[in-house]
Amino acid sequence: QAFAPIGSSDASFRSQSVELQMGRSVDDIARNTAAAVMLGLAVFASPLIAGADSGAEKASNAKITTGGASTLQSGRTIAITRGVNLDRSDFGGQNLRGVAFQQSIVRDSNFKGTNLYGSSFFDATVDGSDFEGADLTLSNVEMAQFARANLKNAVLKEMYVSGATLFEGVKSIEGSDWSDTQLRRDQQKYLCNHPTAKGTNPTTGVDTRESLMCLD
């Protein structure tokens, strides 16, 4: 209970008390409002931060989310614009580590013995292209089409594959290494039943059927 100071009238004291309480109430409201705003911002921002690394999670594939398509090699920049028609191109034996071919048409092209580590063929059409002996480790092939493609002796470890990736009609997977590539059940079954699902990868020494986890 508050007591009026000596020499103060009751009316004056009551007025001062009301003003003091109102001042405290305003301060409390301001503090509570600020806390609520900060909490709201934190809750709103958290899914954005969590989703910032969605999709391809490796740095070499970050270009997929930003829309870029370039990589630095020995001081020079190689850029391949998305959606370009690259039919019948010759990239055989080249170092194309991290290069992006997303949404491009790359049919009947030569990638034989090419270093494609961490590259992107996201939503690309590579029908009839030759990847024999190529290294596609950690490559993004989500939604890509591999009809008539030659994957003989290719290293296909830890690739990013979606349910929409099409391997139907692939020419050969003999000697290919699919270790740690997460395939959908029907994709795995199709590849295991492919007549060329045999042999051992000459680079990694891994058996093709074992890498596909075929049930023999």
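Predicted model: local features only at pLDDT ≥ 70, side-chain atom pairs only at ≥ 80, totals over all residues.

Residues are numbered from 1 along each chain as its sequence is written, and side-chain values use heavy atoms, with hydrogens and water left out.

The pLDDT, which is the predictor's confidence in each residue on a scale from 0 to 100, averages 76 for the protein, and 62% of the residues score at least 70. Among the elements, which are DSSP runs numbered from the N terminus (helices being H or I with at least four residues, strands being E with at least two), confidence is lowest in helix H2, residues 63–66, with a mean of 32, and highest in H4, with 98. Over residues 13–23 the pLDDT is below 50, and this stretch has four contacts in the model beyond near neighbours in sequence, a contact meaning heavy atoms within 4.5 Å. The pLDDT also stays under 50 over residues 35–77, for which the model has 50 contacts beyond four places in sequence.

The largest nonpolar core has 33 residues, and those that touch the most other members are Phe 101, Phe 111, Leu 116, Phe 121, Phe 131, Phe 146 and Trp 178. Such a core is a set of buried Ala, Val, Leu, Ile, Met, Phe, Trp, Tyr and Cys residues joined through side-chain atoms within 4.5 Å, where buried means under 20% relative accessible area, exposed means over 50%, and partly exposed lies in between (1.4 Å probe, protein chains only). Not counting residues up to four places away in sequence, Phe 121 touches several residues, including Phe 101, Phe 111, Leu 116 and Phe 131, and also Gln 102, Asn 140 and Glu 142.

Ser 129 is found in the loop between E2 and H3, and it counts as buried because its relative accessibility is 0%. A polar atom of the Ser 129 side chain lies 2.5 Å from the backbone oxygen of Val 106, and a polar atom of that side chain lies 3.1 Å from the backbone nitrogen of Ser 109. Leaving aside neighbours within four places in sequence, Ser 129 is in contact with Val 106, Arg 107, Asp 108, Ser 109, Phe 111, Ala 149 and Asn 150.

The structure holds three salt bridges, each being a side-chain nitrogen of Lys or Arg within 4 Å of a carboxyl oxygen of Asp or Glu. In one of them Asp 87 pairs with Arg 107, the closest N and O atoms being 2.7 Å apart. Asp 87 lies in the loop between strand E2 (76–79) and H3, and Arg 107 lies in the loop between E2 and H3, so the pair ties together parts that are 20 residues apart in sequence. Asp 87 is buried, at 17% relative accessible area, whereas Arg 107 is partly exposed, at 33%. Asp 108 meets Arg 148 in a salt bridge with an N to O distance of 3.1 Å, and this pair links parts of the loop between E2 and H3 that are 40 residues apart. Arg 148 counts as partly exposed at 46%, as does Asp 108 at 36%. Another salt bridge joins Asp 186 to Arg 184, with the closest N and O atoms 2.6 Å apart.

Cys 192 is buried, at 10% relative accessible area, and Cys 214 is buried at 13%.

Asn 201 is placed in the loop between helix H3 (185–192) and helix H4 (208–211), and it counts as buried because its relative accessibility is 1%. Asn 201 and Gly 175 are 26 residues apart in sequence, yet their C-alpha atoms are 4.3 Å apart in space. A polar atom of the Asn 201 side chain lies 2.9 Å from the backbone oxygen of Gly 175, and the backbone nitrogen of Thr 204 lies 2.9 Å from a polar atom of that side chain.

Technical notes: Polar contact = N/O pair within 3.5 Å; in protein donor to acceptor, adjacent residues only side chain to side chain.
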